[in-house]
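Please look through the sequence and the model below. This report then takes up a few local features, one after another.

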Amino acid sequence: MIRLLAIVLCGTTIAHAQLEIPDPDAPAQGELVAEHDSVAPGGSVWVGVRITMKPKWHVYWRNPGDSGMPVAIKWTVPKGVACSALQWPAPHRIPTDPLMTYGYDDVVLL
(Lines give C-alpha, C1' and ligand atoms only; values in the text may rest on other atoms or scores of the structure.)
Protein backbone atom coordinates (compact mmCIF):
# COMPACT_ATOMS: atom_id res chain seq x y z
CA MET A 1 0.00 0.00 0.00
CA ILE A 2 1.34 3.43 -0.91
CA ARG A 3 0.20 6.47 1.07
CA LEU A 4 0.93 9.97 -0.16
CA LEU A 5 0.58 13.34 1.49
CA ALA A 6 1.37 16.29 -0.77
CA ILE A 7 1.23 19.95 0.15
CA VAL A 8 1.38 22.37 -2.77
CA LEU A 9 1.74 26.09 -2.09
CA CYS A 10 0.56 28.46 -4.83
CA GLY A 11 2.91 31.31 -5.68
CA THR A 12 5.90 29.56 -4.14
CA THR A 13 8.01 26.51 -4.67
CA ILE A 14 6.29 23.21 -4.13
CA ALA A 15 7.35 23.05 -0.54
CA HIS A 16 6.76 19.64 0.94
CA ALA A 17 5.92 16.11 -0.02
CA GLN A 18 5.86 13.12 2.25
CA LEU A 19 5.67 9.57 1.01
CA GLU A 20 5.12 6.78 3.47
CA ILE A 21 5.81 3.20 2.49
CA PRO A 22 5.44 0.67 5.31
CA ASP A 23 8.27 -1.57 4.12
CA PRO A 24 11.37 -0.40 2.21
CA ASP A 25 11.39 -3.80 0.49
CA ALA A 26 7.79 -3.30 -0.72
CA PRO A 27 7.08 -4.45 -4.28
CA ALA A 28 6.25 -0.87 -5.36
CA GLN A 29 7.75 2.54 -4.57
CA GLY A 30 6.06 5.89 -5.19
CA GLU A 31 7.61 9.26 -5.97
CA LEU A 32 5.92 12.66 -6.14
CA VAL A 33 6.75 14.49 -9.39
CA ALA A 34 5.74 17.95 -10.62
CA GLU A 35 5.73 19.60 -14.03
CA HIS A 36 7.35 22.76 -12.60
CA ASP A 37 9.12 23.75 -9.37
CA SER A 38 6.65 26.59 -8.74
CA VAL A 39 3.27 27.91 -9.81
CA ALA A 40 1.97 31.49 -9.97
CA PRO A 41 -1.10 32.46 -7.90
CA GLY A 42 -4.16 31.34 -9.85
CA GLY A 43 -2.01 29.14 -12.08
CA SER A 44 -1.92 25.40 -12.39
CA VAL A 45 0.70 22.69 -12.37
CA TRP A 46 0.58 18.98 -13.18
CA VAL A 47 1.54 16.90 -10.16
CA GLY A 48 1.57 13.14 -10.10
CA VAL A 49 2.91 9.98 -8.58
CA ARG A 50 5.46 7.85 -10.40
CA ILE A 51 5.09 4.24 -9.24
CA THR A 52 8.02 1.92 -9.86
CA MET A 53 7.41 -1.79 -9.38
CA LYS A 54 9.79 -4.67 -8.85
CA PRO A 55 9.88 -7.36 -11.56
CA LYS A 56 6.81 -9.63 -11.65
CA TRP A 57 4.69 -7.08 -9.71
CA HIS A 58 1.99 -4.76 -11.03
CA VAL A 59 -0.64 -2.19 -10.00
CA TYR A 60 -4.17 -2.04 -11.38
CA TRP A 61 -5.90 0.42 -13.70
CA ARG A 62 -9.04 2.40 -12.71
CA ASN A 63 -11.06 -0.60 -13.97
CA PRO A 64 -9.00 -3.55 -12.72
CA GLY A 65 -11.05 -6.16 -14.56
CA ASP A 66 -11.86 -9.47 -12.89
CA SER A 67 -9.83 -8.91 -9.70
CA GLY A 68 -7.71 -6.38 -7.86
CA MET A 69 -8.29 -2.79 -6.79
CA PRO A 70 -7.28 0.37 -8.64
CA VAL A 71 -4.58 2.68 -7.29
CA ALA A 72 -6.10 5.26 -4.92
CA ILE A 73 -4.32 8.53 -4.19
CA LYS A 74 -5.60 10.93 -1.54
CA TRP A 75 -4.26 14.45 -1.94
CA THR A 76 -4.14 16.74 1.09
CA VAL A 77 -3.82 20.34 -0.07
CA PRO A 78 -4.24 23.81 1.49
CA LYS A 79 -7.44 25.85 1.17
CA GLY A 80 -7.83 27.33 -2.28
CA VAL A 81 -5.95 24.54 -4.05
CA ALA A 82 -8.05 22.21 -6.19
CA CYS A 83 -7.12 18.79 -7.54
CA SER A 84 -8.50 17.38 -10.76
CA ALA A 85 -9.41 13.76 -11.30
CA LEU A 86 -6.56 11.29 -11.61
CA GLN A 87 -5.33 10.89 -15.20
CA TRP A 88 -4.76 7.26 -16.25
CA PRO A 89 -2.53 6.16 -19.13
CA ALA A 90 -3.78 3.24 -21.21
CA PRO A 91 -3.23 -0.04 -19.34
CA HIS A 92 -2.14 -3.41 -20.65
CA ARG A 93 -3.81 -6.76 -20.13
CA ILE A 94 -2.62 -8.91 -17.24
CA PRO A 95 -4.00 -12.39 -17.89
CA THR A 96 -4.15 -14.77 -14.95
CA ASP A 97 -6.11 -17.78 -16.17
CA PRO A 98 -9.12 -17.79 -15.94
CA LEU A 99 -9.17 -14.06 -15.01
CA MET A 100 -8.33 -10.96 -17.05
CA THR A 101 -7.13 -7.83 -15.29
CA TYR A 102 -5.77 -4.49 -16.50
CA GLY A 103 -2.90 -2.45 -15.13
CA TYR A 104 0.75 -1.53 -15.27
CA ASP A 105 4.13 -3.05 -14.51
CA ASP A 106 7.65 -1.57 -14.41
CA VAL A 107 6.80 2.17 -14.11
CA VAL A 108 3.59 4.20 -14.39
CA LEU A 109 2.94 7.93 -13.89
CA LEU A 110 -0.52 8.81 -12.55
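## The open sheet

Two strands count as a pair if DSSP finds at least two bridges between them. Strands themselves are DSSP runs of at least two residues, numbered from the N terminus. The model shown here is predicted.

Which strands form the open sheet, and in what order? There are 3 strands, and the order is S3-S4-S8. Their pairing is antiparallel. Strand S3 (28-34) and strand S8 (107-109) stand at the edges. Each has a single partner strand, so one side of each is left without a neighbour in the sheet. Neighbouring strands of this sheet are turned by 20° against each other on average, with direction ignored.

Take a look at one pairing. Strand S4 covers residues 47-53 and runs antiparallel to S8. The two are joined by 3 bridges. For Thr52, the bridge partner in S8 is Val107.

## Backbone details in the loops

Now follow the backbone into the loops. The peptide bond from Asp97 to Pro98 is cis. Its omega is near 10°. Pro98 sits in the loop between strand S6 (92-96) and strand S7 (99-105).

Lys56 has a positive phi, near 70°, although the residue is not glycine. This lysine belongs to the loop between S4 and strand S5 (58-65). Is Lys56 buried or exposed? Lys56 has a relative accessible area of 87%. The cut-off for exposed is over 50%, so Lys56 is exposed.

Asp106 also has a positive phi in a residue other than glycine, here near 65°. Its place is the loop between S7 and S8. Asp106 has a relative accessible area of 52% and is exposed.

## The aromatic pair

A pair of aromatic rings is described by two things: the distance of the centres and the angle of the planes. How many aromatic pairs does the structure hold? The count is 1. Trp61 and Tyr102 form this pair, which is edge-to-face. The rings are 6.4 Å apart, centre to centre, and the angle between the planes is 70°.

Trp61 lies in strand S5, while Tyr102 lies in strand S7. The pair therefore ties together parts that are 41 residues apart in sequence. How accessible are the two partners? Trp61 counts as buried, at 18% relative accessibility. Tyr102 counts as partly exposed, at 25%.

Thr101 is placed in strand S7. What is its relative accessible area? The value is 2%, and Thr101 is buried. Leave out residues up to four places away in sequence, and Thr101 touches Tyr60, Pro64, Gly65, Asp66, Ser67, His92, Arg93 and Ile94.

Val71 is found in the loop between S5 and S6. At 18% relative accessibility, Val71 counts as buried. Which residues does Val71 contact, leaving aside its neighbours within four places in sequence? Among them are Ile51, Val59 and Tyr60. Leu86, Trp88 and Leu110 are also in contact with Val71. Consider the link to Leu86. Val71 and Leu86 are 15 residues apart in sequence. In space they are 9.8 Å apart, C-alpha to C-alpha.

How values were computed:
Residues are numbered from 1 along each chain as its sequence is written. This is a predicted model: local features need pLDDT of at least 70, side-chain atom pairs count only at pLDDT 80 or more; totals for chains, interfaces and linings use all residues. Side-chain values use heavy atoms; hydrogens and water are left out. Helices (H or I, at least four residues) and strands (E, at least two) are DSSP runs, numbered from the N terminus. Axes are lines fitted to C-alpha atoms, for helices over the stretch in contact, and angles run from 0 to 180 degrees between N-to-C directions. Buried means under 20% relative accessible area, exposed over 50%, partly exposed in between (1.4 Å probe, protein chains only). Rings of Phe, Tyr and Trp (its six-membered ring) pair if their centres lie within 6.5 Å; planes under 30 degrees apart count as stacked, over 60 as edge-to-face and the rest as tilted. Contact means heavy atoms within 4.5 Å.
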